Amino acid sequence: YYPCPGRIQHTHLVQHIFGTDFLYNTNQCIDNNNRKKSQIPKRSHQTEQNSCAVACQEFVAEQLLDREFSEQELIQLATERGWYDPATGTPVADVGNILEELGLEVERQNGVTLAELAEMLDNGEKVIVGVNNMVLANPAMANLPGMSANHAVQVIGIDGTDPDNIQIILNDPGVENGQGIRHDLSTFMTAWSTSGNYTVSADKE
């Protein structure tokens, strides 16, 4: 569980929950001409401190079902079903439950490779991954003890235009203006590795 903001917790205490207790600001954003507008949410920032996984499921649901959802309504649903706790976030095993409730097909996997992630995206699947958001902000943080996944983001693309500077494109609900935010491959892979490359993919049945 994630107690107070900014505290670094030991791995065994936090590995089962996706919430965020550290938000950072950035001006990085994607040129919408490079991505389908349907993958860029109108609003990206999560409405509660630990609702990142709910927000990501909202993004995915809107993209696959072509309709708008209220994060607050989804939070209420998840809270009533025991899938979300405002104080601690979403248990890893429950990420995707909202999407299944909405009739979407969901697959959860550990140890996903970059090639497998790219294949999911190529197949039109929507992908949520577990990361550590402090590592996304500063990859050197990965060297600190106890840095485990504490955050969920949606991966919407991989830009390999420059093979020497591959970019991973995310919708990050923990960042102001996080729609289509870009991270270099090394930073993303380091942050993703904190979850054991945990991935939730969704598609229409």
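Q: What share of the 205 residues in the protein is buried?

A: Buried means under 20% relative accessible area, exposed means over 50%, and partly exposed sits in between (1.4 Å probe, protein chains only). Here, 53% of the 205 residues are buried. Keep in mind that this is a predicted model, in which local features need pLDDT of at least 70 and side-chain atom pairs count only at pLDDT 80 or more, while totals for chains, interfaces and linings use all residues. Residues are numbered from 1 along each chain as its sequence is written, and side-chain values use heavy atoms, leaving out hydrogens and water.

Q: Which residues touch the most other members of the largest nonpolar core?

A: Such a core is a set of buried Ala, Val, Leu, Ile, Met, Phe, Trp, Tyr and Cys residues joined through side-chain atoms within 4.5 Å. In the largest one, with 25 residues, look at Leu99 and Ile128. H2, H3 (71–81), H4 (97–101), E3 (104–109) and E8 each put in at least two residues, and H2 gives the most, seven. There's also a second, separate core of 20 residues, with Val112, Leu121, Val153 and Phe188 among them.

Q: Beyond its neighbours within four places in sequence, which residues is Ile128 in contact with?

A: Contact means heavy atoms within 4.5 Å. For Ile128, the partners include Cys56, Gln57, Val60, Val95, Val153 and Tyr198.

Q: Is Gln57 buried or exposed?

A: Gln57, in helix H2, counts as buried because its relative accessibility is 1%. Its side chain reaches the backbone nitrogen of Ile98 at 3.2 Å. Leaving out residues up to four places away in sequence, Gln57 also touches Asp94, Leu99 and Ile128, among others.

Q: How many cavities of 30 Å³ or more does the structure hold?

A: Rolling a probe the size of a water molecule over the atoms shows where empty space is left. A cavity is a set of points on a 1 Å grid where a 1.4 Å probe fits but cannot get out, and lining residues have an atom within 4 Å of a point. Points join across faces, edges and corners, and volume is the space filled by probe spheres set on them. This structure has two cavities of 30 Å³ or more.

Q: Where is Glu48, and what does its side chain do?

A: A polar contact pairs N or O atoms within 3.5 Å, one able to donate a hydrogen and the other to accept it; adjacent residues count only if both atoms are side-chain atoms. Glu48 lies in the loop between E1 (17–18) and H2 (52–65), and its side chain makes such a contact with the side chain of Tyr84 (2.7 Å). Glu48 is partly exposed, at 24% relative accessible area.

Q: What is the phi of Asn177 and of Asn197?

A: Asn177 has a positive phi near 55 degrees, though not a glycine, and Asn197 has one of about 55 degrees. Asn177 sits in the E6–E7 loop and is exposed at 51%. Asn197 sits between H7 and E8 and is buried at 14%.

Methods: Helix = DSSP H or I, 4+ residues; strand = E, 2+ residues; numbered from the N terminus. 1 Å grid on protein atoms, 1.4 Å probe; cavity = no way out; pocket = protein on both sides within 12 Å on 5 of 7 lines; lining within 4 Å.
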